[in-house]
Structures are given as structure tokens and as C-alpha cells.
Amino acid sequence: MSVFFPLIGPVENHREREKGILVYPVYSRRSGGLSLGINLFPDKKSCSFDCPYCEVFPFSSDAAFSAGRMENELRDVLAAARGLPVKDICFSGNGEPSLSPYLAAALLRAGSVRGELVPGAGLVLITNATGLLQTAVFDLLRDAATGPLSLNIWLKLDAGTPSWYQQMNRSAVPFEDLTARIKEFAACAPVIIQTMLCAVDGKAPPPEERQAWESLLAELAVCAKSAGAGVRKVQIYGKARPAPEDPKAQALPAAYLESRAASLRLALAGASAPVPVEVYQ
């Protein structure tokens, strides 16, 4: 089958996943180039968070996910890329990938295609970590990250306090349960922590939130003792795409993001847990 492959910027072409397709090419800030997104929810948004900055607009589709169709689309998109360097194959899409019953099969198929056609590309899962509360998902992702798939797991951690967590993520999952499970996971598998920094209702995160977030990240950075586990880096990124609830969430100045990154680097160094901190505006 033919697959839409627009060579355009990330603000426009991420909309294609809301048209029912399973594989969508984007130019990713954090991947540093061409990323092939895998969408496990082609029919509707499905997420355990309700972030005000979320870029997924309301939609409905008759499309259904199947691992076989996903593999075919992935092969077609790679063929359409005509040799362009692919940085990674990334599970993100219209919701939280760990909620999908197809995740395990999709990971295996994507990993197989990656090994065959683009062995230099990474395999990435962007997750809000709520799936880790399920033992089966925890074990699946741990084994995928530490085994032959070498899955790169990007864990969302937007807040250091329950109050800011509710403003940024608006989830029924208790903050304390989620962070405890993230700590447990980081102790046995490598992770990248990703944090969105934006204003909500015109207000930036309060100072006490910054301090709690830094303390939490420092704790995470030192919690892993086993080889190959722990926090590999922290990605701080700002709001750069339109969202259905705009202007409830608003971008913060680049200088603010850089100042938060500098403060975090000092906190991590003080905890004897140096971890690279990157900023994406």
C-alpha cells in the first residue's frame, strides 16, 4: 500500500497520525532528525494523562491497529524515505503506548524491521510511565530495554509535586504511586527522563515545584546500582506545537528553560550523580 510521506516540518506532519495511519514520519527535535512514529491508536486518543499542552486534537477514525499492517506501513515508509538517515523508530502516537494490548507484538515487529532495514536507527518508546504500575508491562519494558531489542525508554516526569502534577498531567493515577514505580524501574533498566516545561493558565511552575523536581531527579539518578540501569539523560523541552486547549498551556521563554537546566545540572552534581541535561525549545 502507498503511505503518505511529506517532507515537511514537525508542526504540520504529526497531524497525519490523526487520519488513521499507523506509521508517520516526523522531524523530531529530540531525536535530531527523521523519526518514524508508530501509532497504536489510529481510531481515537487513548491516554491515562490529560495534559493541557497535548498536541492530539479530537478525532475519530474507523482505522484499526494490527501488527501486520503496522509492519507493512513501516516498510513502505522506509522505502519512501529513499535512503534518508532515520534516527529512530518511535512508539508515541495518539495516546499512551503502554495501554495498548498490541505493544509487545508491535515492538517485536518494529525491532525486526529495524534490524533488517535500518540497523543504525534506535527503537524508542515515549511513555508517561503509568503502564509500569502493571507488572506485565513493567516486565515487558524492562526486558525490552535490557535485552536484544535495546529499547530506548523515554519516561515523562513533568512535575516534582502532586499539585503541579495535577495541573500538568491531570491524571487519576496517584503521583506518589507513579514516582515510586519510576524509581523501581530506573533501578533495573536504563531510561531517559523527559520533562515538559510550560506555563499553565499564565503561571510558570512555582519555586517549590522546581526544588522538588530537582530533588526527585537527583534521587532517581542515584537509585540505580546495577550495571546498565539508571538515568541516561534528562530532556527538558518547551511547548512548540499547537494544542486543542490553547492558550491554557503556553510556551515559556528559552532563557527560562536554560536556567532550569543549569539549576538541575548543579543539583545533580551536588548529589554526585552527573547526568547530561539537554534543552529543546
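The following legends describe close-up views of a predicted model.

**View 1. Strand S4 and the burial of its residues.** Strand S4 spans residues 122-127 and is mostly covered, with six of its six residues buried. Gly122, Val124 and Ile126 point one way from the strand, whereas Leu123, Leu125 and Thr127 point the other way. Residues of both sets are buried.

**View 2. Pairing of S4 with strand S3.** Strand S3, formed by residues 86-91, pairs with S4 in the parallel sense over four bridges. Ile89 has Leu123 of S4 as its bridge partner.

**View 3. Pairing of S4 with strand S5.** Strand S5 comprises residues 152-156, and its pairing with S4 is parallel, over four bridges. Here the bridge partner of Val124 is Asn152 in S5. A right-handed β-α-β unit is made by S4, helix H4 (residues 135-146) and S5.

**View 4. The second largest cavity and its lining.** Two cavities of 30 Å³ or more are found in a search of the whole structure. The second largest cavity has a volume of about 40 Å³. Its lining consists of Phe49, Lys156, Leu157, Asp158, Ala159, Tyr165, Asn169, Phe175 and Leu178. By class, the lining residues of this cavity divide into six nonpolar, one polar and two charged. Lys156, one of the lining residues, lies within the residue range of strand S5, 152-156.

Conventions. Residues numbered from 1 in each chain as written. Predicted model: local features only at pLDDT ≥ 70, side-chain atom pairs only at ≥ 80, totals over all residues. Heavy atoms only, no water. 1 Å grid on protein atoms, 1.4 Å probe; cavity = no way out; pocket = protein on both sides within 12 Å on 5 of 7 lines; lining within 4 Å. Points joined across faces, edges and corners; volume = space filled by probe spheres on them. Nonpolar A, V, L, I, M, F, W, Y, C, P; charged D, E, K, R; others polar. Buried < 20%, exposed > 50% of the residue type's maximum accessible area, 1.4 Å probe, protein only. Helix = DSSP H or I, 4+ residues; strand = E, 2+ residues; numbered from the N terminus. Pairing = 2+ DSSP bridges. Right-handed = clockwise from strand over helix to strand, strands pointing away.
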